[in-house]
Amino acid sequence: MTRWFVFTLFAAGCSCGGEDSDGGDADSDVDSDSDVDSDSDSDSDSDSDSDSDSDSDSDSDSDTDTGVGDCGGIATFADGIEPTTEIHVATDGDDGGGDGSAGSPYATIERAADDLAPGAAIRVHAGTYAGGTYLSDLEGTADAPIWIGGAPGEDRPVISGGAEAIHLTRVRYLVLHDLEVDGPSANGINCDDGGDYGNVDATRWVVFRGLSIHDVGSGGNQDCLKLSGINDYWVLDSQLGPCSSSAIDHVGCHRGVIAHNSISASGEGVQCKGGSADITILWNTFGDGVSRALNMGGSTGFEFFRPPLSDAEPNVEARDILVLANVIEGWDTPFAFVGCVDCVAAQNTVIDPEHWLVRILQETVTGGGYEFLPSSNGRIVDNVFWYARANIVGKDVNVGPDTAPATFEWSNNLWYAHDDPGNSEPALPVAETNGVYAEDPAFTDAAGGDYSIDPASPAAGAGIALPDGAPGDFVGACWADPPSIGAFEGNPP
């Protein structure tokens, strides 16, 4: 497990608290949502093959306020670095006659990108621009990144329409920030490795920050943010959705942090598949979704895995995906472990799932000369499940074939069926340790969407410290020792 990457990113100063295969229901196979993933990424990834910042002041201009406390900060490679050059883009600019200065801006991001060098920032001024921007082979450095985004102190510029608003391929040390994407027919923003699947440096060190991506697609496999073959990246402080498919779709991505985002009205929230690993998803709000809020794994065509599949060792759809301290409202299920190995759902507050409490599935199985490990060694720990018993259809936990549910750990979760408290305890594949059942977590204002708790809540102090958990709760408060169950600390130190 490669956790050094994630936890060196959190701001210092936190004194946080530490740490057999079943056939599913009769509807398990029918409703395993394999059709959602059955494109196997062939349509969304093939476009990458065919085409193949927020800096310190811009961050302050994002209209997404993180509002985090002492244990909720995240650092990136671009922190504390100022651009040395600015290249301006405006709706009244001129690609032929402009020079990119504030007084003589270019008209398009593509033209401005021709002038990019390490340390430069493209400042896109407020207004509406046509989608369809394609940018490749942009490279900053650790000491001199490049930035593309809205101008400080102005409204976000709107990238409207087009097949894809922006497509980035083979980029390094890049910050894409403070942009609004509205109404593309395919993906909103697509960032990939240009089909160089075995090259871990093809697209690396990228920050997506302060974005608003919405009304994406026409009902098919079109994602708000499509990431393929990216390593060492962040998605921060953004609003994602509605979009036809996933808010964020990962294929073969590694060492990522998805934090402080609002994700809504999508087929799936965040999906990590195609060999994705070491991705931490924390402090996000998931609301108004259709299928799986967190899809840890999935179904991917063999040719799209990053790194390429091994015929000598077992393969996985996903590994070491951490889902921590999020608030998840609605969706068919909050957590789907789908061919995911060593994945974790911990410290989350789950509100009214609409079908299953958790799903354990396998959509990619051994065959074609490749061995795949089953969904196994998952952990579901320190979560609050506040749900309507009437909404849970069939089994509480939907276990599909070719999985290893007996290897999962269930510990210190609070389960409360608010419409039938006496029937709160779920039927789990294996016995839970230190579960809390039929006790109202006593949210501050559930009707108003405030799921914080106070010291009198049965969730307060009832959790277990997690070495690989979130360093703080949903609002950045440090965990007590022992910590509370759920996304909110009831006894902040």
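Me: Strands are DSSP runs of E, at least two residues long, numbered from the N terminus. With that settled, which strands each supply at least two residues of the lining of the largest pocket?

Reply: Keep in mind that we're looking at a predicted model. The largest pocket is lined by 25 residues, and those closest to its centre include His 254 and Arg 306. The strands that each give at least two residues to that lining are β17 (254-259) and β20 (276-282).

Me: OK, and what volume does the largest pocket have?

Reply: Let's start from its centre, where the closest lining residues are His 254, Gly 275, Arg 306, Pro 307 and Pro 308. The volume of this pocket comes to about 370 Å³.

Me: Which strands stand at the edges of the open sheet of 10 strands?

Reply: Read along the order: β4-β7-β10-β13-β16-β19-β22-β25-β29-β32, with parallel pairing. A strand at the edge has a single partner, so one of its sides is left without a neighbour in the sheet. That picks out β4 (133-136) and β32 (397-399).

Me: By how many degrees are neighbouring strands of this sheet turned against each other on average?

Reply: The sheet we mean is the open one, running from β4 to β32 in its order. Ignoring direction, its neighbouring strands are turned against each other by an average of 10 degrees.

Me: Which residue in β16 does Leu 225 stand opposite?

Reply: β13 (residues 225-228) pairs with β16 (residues 243-251) in the parallel sense, over four bridges. As for Leu 225, the residue opposite in β16 is Ile 248.

Me: How many residues does the largest nonpolar core have?

Reply: Some members have the most contacts inside it, including Ile 122, Phe 208 and Phe 335. There's also a second, separate core of 25 residues, with Phe 77 and Leu 324 among them. For the largest core, the count is 78 residues.

Me: Is Ala 431 buried or exposed?

Reply: Ala 431 sits in the loop between β34 (414-417) and β35 (436-437). Exposed means over 50% relative accessible area. Ala 431 has 71% relative accessibility, so it counts as exposed.

Note on methods. Residues are numbered from 1 along each chain as its sequence is written. This is a predicted model: local features need pLDDT of at least 70, side-chain atom pairs count only at pLDDT 80 or more; totals for chains, interfaces and linings use all residues. Side-chain values use heavy atoms; hydrogens and water are left out. A nonpolar core is a set of buried Ala, Val, Leu, Ile, Met, Phe, Trp, Tyr and Cys residues joined through side-chain atoms within 4.5 Å. Buried means under 20% relative accessible area, exposed over 50%, partly exposed in between (1.4 Å probe, protein chains only). Two strands pair if DSSP finds at least two bridges between them. Axes are lines fitted to C-alpha atoms, for helices over the stretch in contact, and angles run from 0 to 180 degrees between N-to-C directions. On a 1 Å grid over the protein atoms alone, a cavity is a set of points where a 1.4 Å probe fits but cannot get out, and a pocket is an open set with protein on both sides within 12 Å along at least five of seven lines; lining residues have an atom within 4 Å of a point. Grid points are joined across faces, edges and corners, and a volume is the space filled by probe spheres set on the points.
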